[in-house]
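Please lead me through this structure, from the packing of its helices to the residues in its loops.

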Amino acid sequence: MHDGVMGSIAASWQRTRRAEQIIAAIARKDLDALRTLARAPGGFMLDRLRRLAWPVLLHTQHGCYVDEKGSEKDLADPSQISKDVERSLYYYPRGVSPTLKAHMQQELHQMIVEVLWRNPTLKYYQGFHDICSCFLLVLGKKDAIPAAENVALFFLRDGMLDSFDPVSKQLRLMSSIVQYEDPELTAHLERCNLMPYYALSWVLTWFSHDIACFDKVARLFDLFISSTPLMPIYVSSAITLLRRDELLKADADVLHSLITHVPRTLDVEQTVTRACELEARYPALALQKRSGLWLHDSSPVNRYDEDWTHLRWGDVPDRLRADSYLGEHVTKEEWEDDMLEIWAAERDNILHRM
């Protein structure tokens, strides 16, 4: 009992200390310190601290749009957005009334429409609504709109093009990391004809569709908004590598189902630590060079230093420049639409079984 009480006191002291560090970093307008805290064990810990820190890291702390002007009639695929929103907020928040959930879904729909209406060159994909729902739950609709907008333009842009090739290459970069770290596991996955697309939902939704615990999802968001846009690939690699023993024991007929589902027992801090180690070992440019898999020049991964990390407190990211990248041609392979249709169908089947 004594050890338990002492441990609880120590944990409480550590949380208090971390909260003080986060608030102090914001007061000093120290973005570097805030990024370091986001990536450190525990991250921002609490949603009330995230409400302070996330807008700062996403350079939206100076305000939100006064008026929402978006209209779904101007969007390319409003019916898909509506379908996705109707199935949203399944895992969280817990214990809300049907009336409140319906209101939150309405806000989510308005939020997505506003982001896409303001940025018509962004192509909606299934899963973007999952990411938006997390920002909605933490920040509220008004502050979530510009936050999700900057994430779409400067982090998720490769997934919001007409071509699927950049996302496909990112997933193959994940396979390269796994191969460099664990040739035995890679050989087993290849013998079982397992392609890297098992991690597609992880990457496109920042794990918000695949992890039922909101605290874990929010913890990963701390990491993602304070790191390179390739960080979801490092996290996906880390999860795969940390499950090596379990995966090596699995037969081919069950391996795909097993590897696609993120374990409920996922140790998120162990995963974050391993992902940061992989990022340090395989920086984005060096990884592309070693693997021979080159993302296009305007990928947010390759533009991250020039377009994002140089921003200081009070700076506003250049959304017009980001929008111009979306207008650049990226080769679209013939198989891409078929691959996406298969993935969407599998995702729908999973949702219908819930």
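**Helix packing and local geometry**

Helix H7 (residues 141-154) and helix H18 (residues 319-326) have axes that come within 9 Å and cross at roughly 45°. Helices here are DSSP runs of H or I with at least four residues, strands are runs of E with at least two, and both are numbered from the N terminus. Axes are lines fitted to C-alpha atoms, for helices over the stretch in contact, and the angles run from 0 to 180 degrees between N-to-C directions. H7 and H18 are therefore oblique to each other, given that angles under 35 degrees count as roughly parallel, over 145 as roughly antiparallel, 65 to 115 as roughly perpendicular and the rest as oblique. The contact is made by Pro146, Glu149, Asn150, Leu153 and Phe154 of H7 and by Arg319, Ala322 and Leu326 of H18, where contact means heavy atoms within 4.5 Å. These residues divide into five nonpolar, one polar and two charged. In this classification Ala, Val, Leu, Ile, Met, Phe, Trp, Tyr, Cys and Pro count as nonpolar, Asp, Glu, Lys and Arg as charged, and the others, Gly among them, as polar.

The model is predicted: local features need pLDDT of at least 70 and side-chain atom pairs count only at pLDDT 80 or more, whereas totals for chains, interfaces and linings use all residues. Residues are numbered from 1 along each chain as its sequence is written, and side-chain values use heavy atoms, with hydrogens and water left out.

The protein chain as a whole has 19 helices and zero strands. Of its 354 residues, 52% count as buried; buried means under 20% relative accessible area, exposed over 50%, and partly exposed in between, with a 1.4 Å probe and protein chains only. The accessible surface of the chain comes to about 16,600 Å², and 52% of this area belongs to carbon and sulfur atoms. These areas come from the Shrake-Rupley method with a 1.4 Å probe, and for residues only the protein chains shown count as cover. Among contacts between residues at least 6 apart in sequence, 78% join residues at least 24 apart.

H7 also packs against helix H6 (residues 128-139), at an angle of about 140° and with the axes 8 Å apart. That angle makes H6 oblique to H7. H6 passes H7 in a right-handed crossing; a crossing is right-handed if the near helix is turned clockwise from the far one by less than a right angle, and left-handed if anticlockwise. On the H6 side, Phe128, Cys132, Phe135, Leu136 and Leu139 meet Lys141, Asp143, Ala144, Ala147, Ala148, Val151 and Ala152 of H7. This contact comprises 10 nonpolar, no polar and two charged residues.

Which residues of helix H11 are buried? Helix H11 (residues 214-224) is mostly covered, with 10 of its 11 residues buried: Phe214, Lys216, Val217, Ala218, Arg219, Leu220, Phe221, Asp222, Leu223 and Phe224. The elements against which these buried residues pack are helix H2 (31-39), helix H3 (47-57), H6, helix H10 (200-205), helix H12 (231-242) and helix H15 (268-281).

For one of these partners, H3, the axes of H3 and H11 come within 12 Å and cross at roughly 25°. H3 and H11 are therefore roughly parallel to each other, and H3 passes H11 in a left-handed crossing. Asp47, Arg50 and Trp54 of H3 make the contact with Phe214, Asp215, Ala218, Arg219, Phe221 and Asp222 of H11. The residues of this contact divide into four nonpolar, no polar and five charged.

The loop between H10 and H11 contains Trp206 and Phe207. Phi of Trp206 is near 50°, a positive value in a residue other than glycine, and phi of Phe207, also a residue other than glycine, is positive and near 70°. Trp206 counts as buried at 3% relative accessibility, and Phe207 is buried with a relative accessible area of 0%.

Elsewhere, a cis peptide bond with omega of about 5° joins Tyr92 and Pro93. Pro93 lies in the loop between H4 and helix H5 (98-118). Glu86 belongs to helix H4 (residues 78-86) and is exposed, with a relative accessible area of 61%. The C-alpha atoms of Glu86 and Gln105 are separated by 7.0 Å, and the two residues are 19 residues apart along the chain.
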